[in-house]
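Subject: Structure handover

Hello,

Here is the structure I promised to pass on. Please open it first, then read my notes below.

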Amino acid sequence: MVWVPILLLGLFAMLTAILVLRLPRQGWMLFGAVLMFGLAGYGVQGSPGLPAAPKQAIERATQSGEALVAARRGLFDDGTPPPHYLVMSDGFARQGRYSEATALLRQGVDANPGDAEGWLALAIALVEHADGQLTPPALYAFERAQEAFPAHPGAGYFLGMAYLRAGKPVEARKVWAELLERSPADAPWREDLAFRIAGLDELIAQMEGMRQMMETQRTAPASPAMEERP
């Protein structure tokens, strides 16, 4: 199995972009994949909150699919070709056609229940098909991917990414902490994962500090000058 050594590179930059730059939801997973897997050639464009033109939407979905497939394949590529159903579903995912991809993947994992990559591909496709929502079927697929290959970091990593995309950094932190805890002492991803969890802890603390500050400002009594205004 080929490990991507820069798996978690850029997490803090991604979180900053999500929270500060306010990237649209459909760009979160792609932006994270681009940063963490070094997939060049894509820039997140468009105006948050504004619907994209049909051509732009199609292009973004295609680029997102390309990045996600490449990222997942980079974690599982051991030199042997993937099963036919996964090749076909990846073709649909690269085009942003997640409905067709999930249909093929469901058939594939039904016939190959021990295929961890197939379950993970299904989980990712379900999240994308639901516009970033971590639905019960997607959670189930993540669980099956983890059960099929407990020592592999892919399921835990992408599940954490899905929680981040859903705006749930605390849940993402929990998933990654559990991944770190069960990782072997010599796992090549341990150091980076521990570093990124520490960065996530810092970000969560900053978010909590900002929340408390805003709450204090909201509940603070108005100043006399403000009260005297007509």
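Which residues are linked in a network of salt bridges? They are R72, R73, D90 and E117. I come back to two of them below. Please keep in mind throughout that this is a predicted model.

**Confidence**

The mean pLDDT of the chain is 74. Of its residues, 69% reach 70 or more. Over residues 1–62 the pLDDT is below 50. That stretch still has 112 contacts in the model beyond near neighbours in sequence. Where pLDDT is low, the predicted coordinates should not be read in detail. Please treat residues 1–62 that way, given their pLDDT below 50.

**The chain as a whole**

The chain has 230 residues, and buried residues make up 42% of them. It holds 11 helices and 0 strands. Take the contacts with a separation of 6 or more: residues 24 or more positions apart account for 62% of them. The chain exposes about 12,400 Å². Carbon and sulfur atoms supply 59% of that area.

**Salt bridges**

How many salt bridges does a search of the whole structure find? It finds 10.

R94 forms a salt bridge with E66, and their closest N and O atoms are 3.6 Å apart. R94 lies in helix α4 (residues 84–94) and E66 in helix α3 (residues 54–76), so this pair ties together parts that are 28 residues apart in sequence. Both ends are partly exposed: R94 at 29% relative accessibility, E66 at 39%.

R73 and E117 also meet through their side chains, at 2.8 Å from N to O. This pair links distant parts of the chain. R73 is in helix α3 and E117 in helix α6 (residues 116–129), 44 residues apart. Are the two ends buried or exposed? R73 is buried, with a relative accessible area of 15%. E117 is buried too, at 7%. Both R73 and E117 belong to the network that opened these notes.

D201 is partly exposed at 31% relative accessibility. R173 is partly exposed at 28%.

Start with helix α5, residues 98–111. It has 14 residues and reaches 20 Å from its first C-alpha to its last, close to the 20 Å expected at 1.5 Å a residue. Which residues of α5 are buried? They are Y98, A101, T102, L104, L105, G108 and V109. Why do they count as one side of α5? They cover an arc of only 170° around the axis, which puts them on the same side. An α-helix has 3.6 residues a turn, so residues three or four places apart point the same way. On the other side of α5, Q107, D110 and A111 are exposed.

Now helix α7, residues 136–148. It has 13 residues and spans 18 Å from first C-alpha to last, close to the 18 Å expected at 1.5 Å a residue. Its buried residues include A138, A141, F142, A145 and Q146. Those residues cover an arc of only 140° around the axis, which puts them on the same side of α7. What covers them includes α6, α8 (154–165) and α9. The face turned away from the buried side carries the exposed residues P136 and E147.

**One backbone detail**

Look at D131. It sits in the loop between α6 and α7. D131 has a positive phi of about 55°, although it is not a glycine. Is D131 buried or exposed? At 59% relative accessibility, D131 counts as exposed.

**Where to look**

For a quick tour, begin with the network of R72, R73, D90 and E117. Then turn to α7 and find A138, A141, F142, A145 and Q146 on its buried side. Finish at D131, in the loop between α6 and α7.

Best wishes

Key:
Residues are numbered from 1 along each chain as its sequence is written. This is a predicted model: local features need pLDDT of at least 70, side-chain atom pairs count only at pLDDT 80 or more; totals for chains, interfaces and linings use all residues. Side-chain values use heavy atoms; hydrogens and water are left out. A salt bridge is a side-chain nitrogen of Lys or Arg within 4 Å of a carboxyl oxygen of Asp or Glu. Helices (H or I, at least four residues) and strands (E, at least two) are DSSP runs, numbered from the N terminus. Buried means under 20% relative accessible area, exposed over 50%, partly exposed in between (1.4 Å probe, protein chains only). The expected span of a helix is 1.5 Å times one less than its number of residues. The arc is that of the directions from the helix axis to the C-beta atoms. Contact means heavy atoms within 4.5 Å. Accessible areas come from the Shrake-Rupley method with a 1.4 Å probe; for residues, only the protein chains shown count as cover. pLDDT is the predictor's confidence in each residue, from 0 to 100.
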